[in-house]
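Let's take a walk through this structure together, from single contacts up to whole chains. Please keep the viewer open as you read.

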Amino acid sequence: MTDLGWLDAGPIFGLPLPELWFGLLFVMLGTFLFLDGFDFGAGAVFATRDSEADRETILAAIGPFWDGNEVWLVVFGGALFAAFPSVYAGLFSRHYLLLFGVLGALILRGLAPEMYEQRDDETWQRWWGRAFVAGSVGAPLLLGVFVGNWLLGATTALTLGGALTGLTVVALTVVSGVAFLQVKTRAGMDADLQRYGEGAIAAYLVAVVLTLVALGLTRPGLVPTLTSPAVLGLVVLTLVLAGGYVVLLRQGRDVAALAASAGLTYGLATVVALLLYPTVDPASGTSVGEAIVSTLPLNLMSLGAAILLPLVATYFVVLYTAFSGPIEPSEGY
Amino acid sequence: MLDPVIASRLQFAVTTIVHIIFPVMSMGLAPFLVYFTWKDIRTGKPIYERLRRFWTKIFAISFVVGTVTGIVLEFEFGTNFAAFSTAAGELFGGPLAVEGMMAFMLEATFLGIFVFGRDRVSNALYFVSSVAVAVGTWLSAVWILIANSWMQTPRGFEVVNEGGQAVVHLTDPIAAYLNPRFGYMYVHMQNAAVESVALFMAGIAAYYVFRHHVWGYQNEQVDFWETTLKIALVALLITAPLQVLHGDMYGRHVAETQPQKFAAMEAVWETESYVPEYLIAVPTDLADITDPRAKDLFGLGIPGGASWLASGGDPSAEIQGLDSFDAEAPPVAIVFWAFRAMVGLGFWFILLAFWGGYRWWKGQLLEDDLLHKALMGSTLLGIVAVEVGWIVTEVGRQPWVIQDVMKTSAGVSPGLTGAEATLTLVGFVVVYALLLALYGYVVVRIIRNGPPGDEELDSVEVPDENREVPPAGVTNDD
C-alpha cells in the first residue's frame, strides 16, 4: 500500500472542492457550447449558401478546429462522471432517448464533411450537405433540451422549458457561428452574414427571456434565483454584449464580435449553474456536497486538472494561432 | 422486446466491436506517420511526402469515425449502465476524464495542424504535431485500458454501503490504476494495433505490387507500393513474434488472476491436471455446440498443453474447472473459439512475417505471387484478431462487470425499459452498419485513387527553402 495519506487528509489547496468542480463543469460545458457552438452555427449558415465556393469555404473554416472543439463535450462528460457519478448515471439514464438523439446528431455532424469531400457529384454533396446541417442544428437543439430538462428536474423528454432551452442554444450557436465565419472569410458573404447575425441575436434574446419565464412558471422554486441580483446582473450583461455584438459586427471588428458571443455563452452557462445550485440534480434533490466523490479521488482529479487544463489551453492557442486569419482559396477540407 | 440487460449488453458489444476498429487504425498508423513526416522533412524525397499524405487520409477518416463512435461509448455508461456508473464512478470515471483532458485533447488539436497545416506552420511545428498526435493516440489507450484492466483485476478500493447502495471507494490510487492487468493489456493492445496496421498496409501494397509485377498492369506508383510493402514487413517482423511472446505471459496472468476466464478459454469444466491444449474440438451432436468439450466430442489436443500454458511450463499443472466457481460460467463456446482464432491468427502472422522476410533476403520479395496472395488475404486479419482478442477478454470475464465485485446484470440502469433498450439497439445496429459501410467505401476510394501524383505534389505551395533537397550528408535545419 502506497502512502498517499496526504491526498486523503482534506481538500488540497484549501479550496471548497465540491463547489470548484461544480463550477468547473459549467466552464467545460460553456467552452464546448462556445467552441463547438460556432462550428454548429457555421453548419446552420451552410444551409443558406447555394454557391459551391461558399460551401467549401465554410467547411474549410471549421476543418482544423471542430475535432478539438468537440472534445470539450467528452471532457465535460468525463468530468461529470468522475466528480458526480450518481448525477451522471441519473441524468443520462433518465434522458436515455434524448441522449441517443444527441449522439445521432453528433455522428452526422462529424461524418458529413468528410463524406461531402469524397465525391464531386451533385446529388452526393446535396445529401451530405443536408446531413451536415441536420447534425449541426440537431446537436445543439437536443443538448439544449437536455440542459433545460436537467434544470427542471424533468423525467420526461419533452418539456416546454427544455424545448425553449434547445431553441435558445441553437440561436446562440448561430450568433457565434456568424462571427466565426466573419473572421474566417473574406468579403463575399459579409452582407448576408451580418443580417443573419442580427436575426440570430434577436432570436436569442427573445428565446432566452421566454425560457427563463417558462422555467420560473414550471418550477416556482427557481423564481428567487431568477430574480436574484446575480441572474439579473447576467441579464443586463447579456443585453450589453448583444448590443456590442451588433455594433462590432457592423464595424467589421469580427474577432471582438466573436469574443462577445463567447461572453454570451459563458453567461448562459453561469445562469444554468446558478439555477441548479445548491442542488446538482434537481430531479433527485441531490446537492453538490452529497453527490461529490470522496476526498482522495477528488484531490487527484484536482491535481490532474491543475496540470492539464493549462496545457490544453496552450494546445488551443497553438492551433488557433496556426490557423488565424481568413481561409485562403487554396485551402480545402 | 428484449430484456433491458440483454439489450444493453448487446448494444455495448455492437458499439465496442465497431468502435475498436478505428482506434486500432489510428494507434497503429500513428508511428508510421511520425516516421514518414520525419523522413519527408529531412530528405525532401517525394516518396515520403506521398507516404505521409496517403496514409494521413486514412488516419483522418479513422480518427473522425473513432471520435463519433467513442463519444457513444462514454455516454453508454450513463445511459445503459447507470447502476455500474453510480457504484464504480469514483474509480472508473477518473481515468475517462483524464483520458479526455490528457490524451484526446492533445490528439484532436494537433491533428488539426497535422492534417490541414502543412503550408501554414514551420517544419519543426509540423513534425511536433505528428508526434503530439501519436503520443495522444497512445495515451488514450493508456487511460482507457487503466479503466478496463481495473475491472479485470480490481485493486486499491473498498466497498462501502451508502444509503443502502454498495459503492466503490478509492483507497489506493497507485494500486488501482497500476493494477496487475494493466501492463499486460497495454503492451498486447498497442502491439496488436501496430501489427494490424502493418498487415493492412502489406496487404494493400501486395495487391498493387502483384498487379504490376505478376499480372503486368503498369502502375506508375509501383515504387510507392514497394516501399510501403517493405516498411510494413519490417513492422510485421518486429510485432508478430512479440505479440505471441507477451500473449503467452498475458495468458498465464489470466490463469492466475481470472481462473474462471481461463477455464472458459480452455472449456475446462471439471478441475483436472495434465489438461491438453485442444486445437480443434468438434461436438458430435449439434445440441452440444455451445459447449465445445462436452461429452462425446472429437477433439485434437496437445497433451498437457493447456496446463503448460497456465503454469508457464508444467504440463501436469492443475486447472480449476468451471464447475468449481460459485458464479455461473461465461458463454464458453464463444470464449473458447475466439481464443483459438486469436492464437491461430497470431501464429499465421509470424509465418507471414518470416516468409516475407526470407523472400526479401533472397531478393525475391516482388516476385513471389503466393506470398502476395497470402498478404492480400490477410489485409484485415489483424483487425479480426483484435476483435476476437477483445471477445475473449470481455465475454470471458462474464458474469462480472467488475471481477468478483459486481455482476454485469446488476450494473444496468434500473429505470431502463426493454422497449427503450431494444429500440436503441436496433438503431445502433443500423447506424453502425451504415458507418462501417461508409468507412469501407471511403477507405477503398482513397486506396483506389492511390498516392498523390507528380502534378499534385508540385501544386503544393510549400516555401522553397523548406522543400529543397539538401546535398548528401547535410541535414536541413530550419
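A residue is called buried when its relative accessible area is under 20%, exposed when that area is over 50%, and partly exposed in between. With that in hand, please bear in mind that the model you are looking at is predicted.

Let's begin with the overall build. Chain A contains 14 helices and two strands. Its radius of gyration is 20 Å, close to the 20 Å that the globule rule gives for 333 residues, so chain A is as compact as a globular protein of that length. If you line up the C-alpha trace of chain A with its principal axes, the spans come to about 60 × 50 × 40 Å. Of the 333 residues in chain A, 60% are buried.

Now turn to chain B, which has 16 helices and eight strands. A compact globule with 478 residues would have a radius of gyration near 23 Å, and the 24 Å of chain B agrees with this. Here the C-alpha trace spans about 70 × 50 × 40 Å along the principal axes. Buried residues account for 59% of the 478 residues in chain B.

Next come the aromatic rings. A pair of aromatic rings is described by the distance of the centres and the angle of the planes. Searching the whole structure gives 53 aromatic pairs over all chains. One of them is formed by F92(A) and F75(B), an edge-to-face pair with 5.0 Å from centre to centre and 80° between the planes. Since F92(A) belongs to helix α5 (residues 85-94) of chain A and F75(B) to helix α2 (residues 46-79) of chain B, this pair joins two chains.

Another edge-to-face pair is made by F54(B) and W225(B), with centres 5.5 Å apart and 85° between the planes. This pair links distant parts of the chain: F54(B) is in helix α2 of chain B, W225(B) is in helix α7 (residues 222-257) of chain B, and 171 residues separate them. Both F54(B) and W225(B) are buried.

Rings can also be found under charged groups here. The charged end of R211(B) sits over the ring of Y217(B), 4.3 Å from the ring centre. In the same way of looking, R340(B) lies over the face of F336(B), 3.7 Å from the ring centre.

R340(B) leads us on to the salt bridges. Side chains of opposite charge can pair when their charged atoms come close. Over all chains, the search of the whole structure finds 14 salt bridges. R340(B) forms one of them with E266(B), and their closest N and O atoms are 2.8 Å apart. This pair, too, links distant parts of the chain: R340(B) is in helix α10 (residues 332-361) and E266(B) in helix α8 (residues 259-266) of chain B, 74 residues apart. Both partners, R340(B) and E266(B), are buried.

In chain A, have a look at R49(A), which forms a salt bridge with D192(A) at 2.9 Å between the closest N and O atoms. Where do the two partners lie? R49(A) is in the loop between α2 (17-46) and α3 (52-62) of chain A, while D192(A) is in helix α9 (residues 190-218), so the bridge links distant parts of the chain, 143 residues apart. R49(A) has a relative accessible area of 7% and is therefore buried, whereas D192(A), at 24% relative accessibility, counts as partly exposed.

D192(A) also meets R195(A) in a salt bridge, with 3.0 Å from N to O. D192(A) and R195(A) both lie in helix α9 of chain A, three residues apart, which is about one turn of the helix. R195(A) counts as exposed because its relative accessibility is 53%. Together with D54(A), the residues R49(A), D192(A) and R195(A) are linked in a network of salt bridges.

L300(B) is found in strand β5, and with a relative accessible area of 44% L300(B) is partly exposed.

Technical notes. Residues numbered from 1 in each chain as written. Chains lettered and ligands numbered in written order. Heavy atoms only, no water. Helix = DSSP H or I, 4+ residues; strand = E, 2+ residues; numbered from the N terminus. Buried < 20%, exposed > 50% of the residue type's maximum accessible area, 1.4 Å probe, protein only. Phe/Tyr/Trp six-rings, centres within 6.5 Å; stacked < 30°, edge-to-face > 60°. Lys NZ or Arg CZ within 6 Å of the ring centre and 35° of its normal. Salt bridge = Lys/Arg side-chain N within 4 Å of Asp/Glu carboxyl O. Rg over C-alpha atoms; globule rule 2.2 N^0.38 Å.
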